[in-house]
Amino acid sequence: ISPAGEIVEGLRVVKVNPADTANAIEALRARPDVVYAEPNFIRRALTVPNDPRYPEMWGLNNTGQRVSFGGQSGFPGNDIRAEEAWSITTGSRSVVVGVIDSGIDINHQDLHDNIWTNTAETPGNNVDDDGNGFVDDMNGWDFAHNDASVFDYTEANYPPPDSYAGDFDDHGTHVAGTIGAVGNNGIGVVGVNWQVSLMSLKFLTDDGTGTS
């Protein structure tokens, strides 16, 4: 308990564990010598990234905006309260998230800094350096083809008219972006986590079948 008499005579500030705030207020209000007790919340400015397409991302911050491809305006506030969360944390690259989907474009300009790297492996030496049963698994593993390549289906490999195959790995890349597109880098979109380590665990093939 510390005095705060310079604000209001007799006022006291009680510091407790944040999780105990509600119980402390209830206990103080029950005392006959306490006129009133209320929380002293710390307010911070919301954290807003500078990624140019962030204003379109109504799932993160819904202001009633229309998305770039048209459609109805959204309902303000129907979102995941991302800015409130970002004022607490924007993520950490010490957190590894496995993306079980199609492949991830590990060289994508908005993803490459957040791609998980297996530091226990030596790239390209055709040796299972870390002894986990997967050779050269630098960024994850392709279980559909049983190799270390986590991004196979590009338009260069599958030009039109094979458009489905050409677009296929885009889904895993899109999911990875939702989880962890690099935030506040002035490029493209922003992920729920600005910093994270994305491990590609590809199991879907070009025809939509999977290997479990």
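Let us begin with Ser-200, which is buried, as its relative accessible area is 1%. Here buried means under 20% relative accessible area, exposed means over 50%, and partly exposed lies in between, with a 1.4 Å probe and protein chains only. Please note that this is a predicted model, in which local features need pLDDT of at least 70 and side-chain atom pairs count only at pLDDT 80 or more, while totals for chains, interfaces and linings use all residues. Residues are numbered from 1 along each chain as its sequence is written, and side-chain values use heavy atoms, with hydrogens and water left out.

Which residues is Ser-200 in contact with, leaving aside its neighbours within four places in sequence? They are Val-99, Ser-102, Gly-103, Ile-104, Asn-139, Gly-140, Trp-141 and Val-150. Contact means heavy atoms within 4.5 Å.

Ser-200 belongs to strand β5, which spans residues 195-202. Strands (E, at least two residues) and helices (H or I, at least four) are DSSP runs, numbered from the N terminus.

I turn now to the sheet. Three strands form an open sheet in the order β3-β5-β4, with parallel pairing. Two strands pair if DSSP finds at least two bridges between them. Why is one side of β3 and of β4 left without a neighbour in the sheet? Strands β3 (91-101) and β4 (140-142) stand at the edges, and each has a single partner strand, so one side of each has no neighbour there. From one strand to the next, the twist averages 20°.

Let us take the two pairings in turn. Seven bridges join β3 to β5; along this pairing, Gly-91 stands opposite Gln-195, and Ile-100 stands opposite Leu-201. Three bridges join β4 to β5, where Gly-140 faces our opening residue, Ser-200.

Helix α4 (residues 170-180) lies across β3 and β5, running at about 155° to β3. For such angles, axes are lines fitted to C-alpha atoms, for helices over the stretch in contact, and the angles run from 0 to 180 degrees between N-to-C directions.

Finally, the aromatic residues. The structure holds four aromatic pairs. Rings of Phe, Tyr and Trp (its six-membered ring) pair if their centres lie within 6.5 Å; planes under 30 degrees apart count as stacked, over 60 as edge-to-face, and the rest as tilted. Phe-134 and Phe-143 have ring centres 5.7 Å apart and planes at 80°, so this pair is edge-to-face. Phe-134 is partly exposed at 26% relative accessibility, and Phe-143 is partly exposed at 35%. Elsewhere, Tyr-54, Trp-86 and Trp-194 form one aromatic cluster.
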